[in-house]
Amino acid sequence: MPVKELKSYDEFKAAINGDKVAVIDFWATWCGPCRVIGPVFERISDTPAADKIDFYKVDVDAQEKIAQECKITAMPTFVFFKNGEVVETVLGANPGALNTAISKHAA
């Protein structure tokens with residue numbers, strides 16, 4: 001499944017409240033590290049992990065309400081949700097940590 005951009009608060013609530021794990025890439029257009037890790041996140045979304053995890057992205061400048069609710073203070077931040085609850089957070093453009101977290105939640 002390709003990464004889906006969440007463009008409203010309602011889309012965000014629907015995405016995180018399922019029983020399937022959802023991972024959201026909180027990013028900004030001006031963020032250099034976000035541009036580096038973004039393609040990595042896209043590639044991971046095209047692996048078998050996408051059968052178990054839904055992949056989303058949120059532009060923190062365009063969706064300030066979502067970023068505030070999730071207490072995003074640095075970009076990129078990857079937040080994993082299940083049943084509306086945060087189950088893991090990966091801070092920064094760290095492909096190893098991101099892959100580890102995705103592998104754990106796809107298992």
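Strand E3 (residues 53-59) is largely enclosed by the rest of the structure, because six of its seven residues are buried (under 20% relative accessible area, with exposed over 50% and partly exposed in between; 1.4 Å probe, protein chains only). Strands (E, at least two residues) and helices (H or I, at least four) are DSSP runs, numbered from the N terminus. This is a predicted model: local features need pLDDT of at least 70, side-chain atom pairs count only at pLDDT 80 or more, and totals for chains, interfaces and linings use all residues. Residues are numbered from 1 along each chain as its sequence is written, and side-chain values use heavy atoms, leaving out hydrogens and water.

Two strands pair if DSSP finds at least two bridges between them.

| Strand | Bridges to E3 | Direction |
|---|---|---|
| E1 (residues 4-5) | two | parallel |
| E2 (residues 21-27) | seven | parallel |

Glutamate 5 has lysine 57 as its bridge partner in E3, while tryptophan 27 stands opposite aspartate 59 of that strand. E2, helix H2 (residues 32-45) and E3 make a right-handed β-α-β unit (with the strands pointing away from the viewer, the path from the first strand over the helix to the second runs clockwise).

Tyr9, Phe12 and Phe81 form one aromatic cluster. Rings of Phe, Tyr and Trp (its six-membered ring) pair if their centres lie within 6.5 Å; planes under 30 degrees apart count as stacked, over 60 as edge-to-face and the rest as tilted. Phenylalanine 12 is buried at 1% relative accessibility, whereas tyrosine 9 is partly exposed at 23%.
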